[in-house]
Amino acid sequence: MPEKFTKLDKEFLDNYDSSTYDKPSITVDLLVFTIEEEELKIVMIRRKNSPYRGMLSLPGAFVGMEETLDEAASRGIREKTGLKDIYFEQLYTWGEVNRDPRMRIISVSYMALVSIEELYRVAGSSEISSHLYCVDTLLQSKENIAFDHMEMIAYGRERIKNKVEYTQLAFEFLPEKFTLPQLQKINEILLGKELYKANFRKKIKDMVVETKEFTSGGAHRPSKLYVRKNNNDNIEN
């Protein structure tokens with residue numbers, strides 16, 4: 001019992017009837033974004049059970065009685081993809097009364113960002129590739145998406161587009177070492193528009209550190225590799 005509770009508080013809680021009020025269930029719905037083949041993609045599952053049997057939906061998890069929302073989201077991401085310690089943030093709370101036909105369920109959506117290399121490394125390319133869907137194609141299609149998950153995807157897509165302008169969010173989609181053209185292409189995909197090379201290089205010059213390494217192989221000449229500035233402690237320049 002917290003120290004700030006008084007004797008009256010304790011007596012009240014000892015006699016409190018928690019069954020007085022209905023208890024809606026709480027879930028977390030997970031928007032795991034990555035970039036593959038120059039497209040923003042999201043992890044989706046095909047529902048095997050009713051309701052909405054056979055429809056696409058976001059992966060999710062019910063929040064345990066002893067879990068925080070963030071803990072439930074982290075667990076859900078780990079159970080669905082095997083990923084740990086990746087970037088994720090809370091997006092929005094969805095509380096329409098009839099959003100789930102089974103019972104009263106309130107959902108908190110979370111957005112997770114990961115490079116395709118890391119996703120394939122952890123989840124396995126053969127295992128996860130069939131669950132990756134192009135976000136823009138989903139939003140433009142007429143395919144039925146279960147629950148209110150289409151709204152969640154649209155909300156997450158807009159959040160990414162807005163945040164990439166003033167944060168370093170784009171780096172979450174890259175491997176540890178990358179080229180500047182790779183970084184620019186990621187930004188263009190997220191923003192949905194082309195960027196001028198000179199302006200882009202000026203904007204990100206204080207966010208990256210040049211390494212002594214270069215790309216190898218391929219038809220083009222080697223390109224310098226860079227790292228994100230706050231991840232360069234062990235890089236010699």
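Is Glu 38 buried or exposed? Glu 38 counts as exposed, because its relative accessibility is 56% and the cut-off for exposed is over 50%. The model behind this value is predicted.

Where does Glu 38 sit? Look in the loop between strand S1 (25-36) and strand S2 (39-43). Now check the backbone there. Glu 38 is not a glycine, yet its phi is positive, at about 60°.

Phe 147 lies in the loop between helix H5 (135-140) and helix H6 (149-163). Here, too, a residue other than glycine has a positive phi, near 55°. What about its exposure? Phe 147 counts as buried, because its relative accessibility is 17% and buried means under 20%.

Next, go back to the loop between strand S3 (45-46) and strand S4 (56-57), where Pro 51 is found. Which kind of peptide bond joins Ser 50 and Pro 51? The bond is cis, with omega at about 0°. Most peptide bonds are trans.

How far can the model be trusted? The mean pLDDT of the chain is 92. Of its residues, 95% reach 70 or more. Residues 232-237 have a pLDDT below 50. Beyond near neighbours in sequence, this stretch has 10 contacts in the model. Where pLDDT is low, the predicted coordinates should not be read in detail.

Technical notes. Residues numbered from 1 in each chain as written. Predicted model: local features only at pLDDT ≥ 70, side-chain atom pairs only at ≥ 80, totals over all residues. Heavy atoms only, no water. Helix = DSSP H or I, 4+ residues; strand = E, 2+ residues; numbered from the N terminus. Buried < 20%, exposed > 50% of the residue type's maximum accessible area, 1.4 Å probe, protein only. pLDDT = per-residue confidence, 0-100. Contact = heavy atoms within 4.5 Å.
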